[in-house]
Amino acid sequence: EHHANVTQLDFAFGQLMGALDEQKLAGDTFVFFTSDNGPEGDGVKSPGRGSTGGLRGRKRDLHEGGIRVPGIARWPGRIRPGSVSEIPVIGSDAFPTMLAVAGVKPPGDRVLDGANVLPALVGAAAKIERPQPLYWRLHMAPNAKIAMRVDDWKILANLELTEFELYNLKDDLSETTDLAA
């Protein structure tokens, strides 16, 4: 089921990209493709449902295996093909980034949690200045229900904010060594 879904999605996405090329719209079209979270299942009883690549946690978990997913951006003439960025991006970055792509100034009457990550995608920034840290809250998460990341540091907590885990993702991407103490 997993492989069939991935195959179908890959085929349909390929048709979309081909249509943009055929209609000569690719250069004027910014495409961002990503998953919403980590793979389903426990990875043991249902190993065919995706891999976390050794990261801790899976879908509905706030450890990296549940929230770190690949993203692909395409904008011919602006994003260099084959380029890679290690700068973390979150769903709330989509709105400010799309505004920047469209050349539209962000609304001034509300706070935007996300950041414009276009400079990272076009290779013009080694770091994104964020008005808010990366933040997750998920009541379905098995253990930690809240997580926040600033640079290489990530803290996880229960809803009562009485239990914490702290990781340096640069040194410990698989979140094996809790530094909270």
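**Close-up views of a predicted protein chain**

Gly 71 sits in strand E2, which spans residues 71-74. This is a predicted model, where local features need pLDDT of at least 70, side-chain atom pairs count only at pLDDT 80 or more, and totals for chains, interfaces and linings use all residues. Residues are numbered from 1 along each chain as its sequence is written, and side-chain values use heavy atoms, with hydrogens and water left out.

View 1. Gly 71 counts as partly exposed because its relative accessibility is 45%; buried means under 20% relative accessible area, exposed over 50%, and partly exposed in between (1.4 Å probe, protein chains only). Ala 94 is 23 residues from Gly 71 along the chain, and their C-alpha atoms are 12 Å apart.

**View 2. The whole chain.** The protein chain has 4 helices and 6 strands. Helices (H or I, at least four residues) and strands (E, at least two) are DSSP runs, numbered from the N terminus. Their order along the sequence is α-β-α-β-α-α-β-β-β-β. Along the principal axes, the C-alpha atoms fill a box of roughly 55 × 45 × 30 Å. Of the 181 residues, 29% are buried.

**View 3. The loop at Gly 53.** Gly 53 belongs to the loop between strand E1 (31-34) and helix H2 (64-67). With 67% relative accessibility, Gly 53 is exposed.

**View 4. A nonpolar surface patch.** Tyr 135, Met 148, Val 150, Ile 155, Leu 161 and Phe 164 make a nonpolar patch of about 520 Å². Patch residues have over 30% relative accessible area and no salt bridge; like charges are joined within 9 Å, nonpolar side chains (Val, Leu, Ile, Met, Phe, Trp, Tyr) within 5 Å. A salt bridge is a side-chain nitrogen of Lys or Arg within 4 Å of a carboxyl oxygen of Asp or Glu. Areas come from the Shrake-Rupley method with a 1.4 Å probe. Val 150 lies in strand E4 (residues 146-150). Val 150 is partly exposed, at 43% relative accessible area.

**View 5. The second largest pocket.** The volume of this pocket is about 310 Å³. Its lining has 15 residues; Pro 88, Lys 127, Ile 128, Arg 130 and Asp 151 are the closest to its centre. A pocket is an open set of points on a 1 Å grid where a 1.4 Å probe fits, with protein on both sides within 12 Å along at least five of seven lines; lining residues have an atom within 4 Å of a point. The lining divides into 7 nonpolar, 1 polar and 7 charged residues.

Terms used:
Points joined across faces, edges and corners; volume = space filled by probe spheres on them. Nonpolar A, V, L, I, M, F, W, Y, C, P; charged D, E, K, R; others polar.
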